[in-house]
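I recorded each item as I looked it up.

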Amino acid sequence: MKLKEGLVLRPLGGKYVAVATGKLTSTFHGMIRLNETGASMMNLLKEDTTKEEVINNLMKEYQADQTEIEKDVDTLLTNLKDNGLLDE
């Protein structure tokens, strides 16, 4: 899976936002607000990857509980899928 072309991540006031650019603006008109962990997930999704690879990378980076990371990854992936922002 991979983010669709045209979804751009930018820092904003200590947080991050993802917005659509180019052709993607015809199907996505909103913005996704993210914390640092969400931004890390989005950066991993810029390249073709699997859910398991995202989880493993985040576990190395954040030293957090696997169950919590899996929950966070599932939440973001569901949000991205529901908004048509992932190529699978």
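Predicted model: local features only at pLDDT ≥ 70, side-chain atom pairs only at ≥ 80, totals over all residues.

**Entry 1: helix pair.** I noted the crossing of H1 past H2 as right-handed.

I then listed the residues that make this contact. H1 contributes Glu-36, Thr-37, Ser-40, Met-41 and Leu-44. From H2 come Val-54, Asn-57, Leu-58, Glu-61 and Tyr-62. Sorted by class, the contact of H1 with H2 has five nonpolar, three polar and two charged residues.

**Entry 2: the sheet.** I next asked in which order the strands of the open sheet are arranged. Three strands form the sheet, in the order S2-S3-S4, with antiparallel pairing. S2 and S4 stand at the edges and each has a single partner strand, so one side of each lacks a neighbour in the sheet. On average, neighbouring strands of this sheet are turned by 25 degrees against each other, direction ignored. As a reminder to myself, strands of a sheet pair through backbone hydrogen bonds, either parallel or antiparallel.

**Entry 3: strand pairs.** Strand S2 covers residues 7–12 and strand S3 residues 15–20, and they pair in the antiparallel sense over six bridges. Within this pair I found Leu-7 opposite Ala-20 in S3. The hairpin of S2 and S3 has two residues between the strands, and Gly-13 takes a positive phi near 60 degrees there.

S3 is joined to strand S4 (residues 31–34) by four bridges, and these two strands also run antiparallel. Here I noted Ala-18 opposite Ile-32 in S4.

**Entry 4: Met-1.** Is Met-1 buried or exposed? I located Met-1 in the segment before strand S1 (2–3). Its relative accessibility is 16%, and buried means under 20%, so Met-1 counts as buried.

I also looked up which residues Met-1 touches, not counting those up to four places away in sequence. The list reads Leu-45, Glu-47, Asp-48, Thr-49, Thr-50, Lys-51, Leu-77, Leu-86, Asp-87 and Glu-88.

Methods:
Residues numbered from 1 in each chain as written. Heavy atoms only, no water. Left-handed = near helix turned anticlockwise from the far one by under 90°. Contact = heavy atoms within 4.5 Å. Nonpolar A, V, L, I, M, F, W, Y, C, P; charged D, E, K, R; others polar. Pairing = 2+ DSSP bridges. Buried < 20%, exposed > 50% of the residue type's maximum accessible area, 1.4 Å probe, protein only. Axes fitted to C-alpha atoms, helices over the stretch in contact; angles between N-to-C directions.
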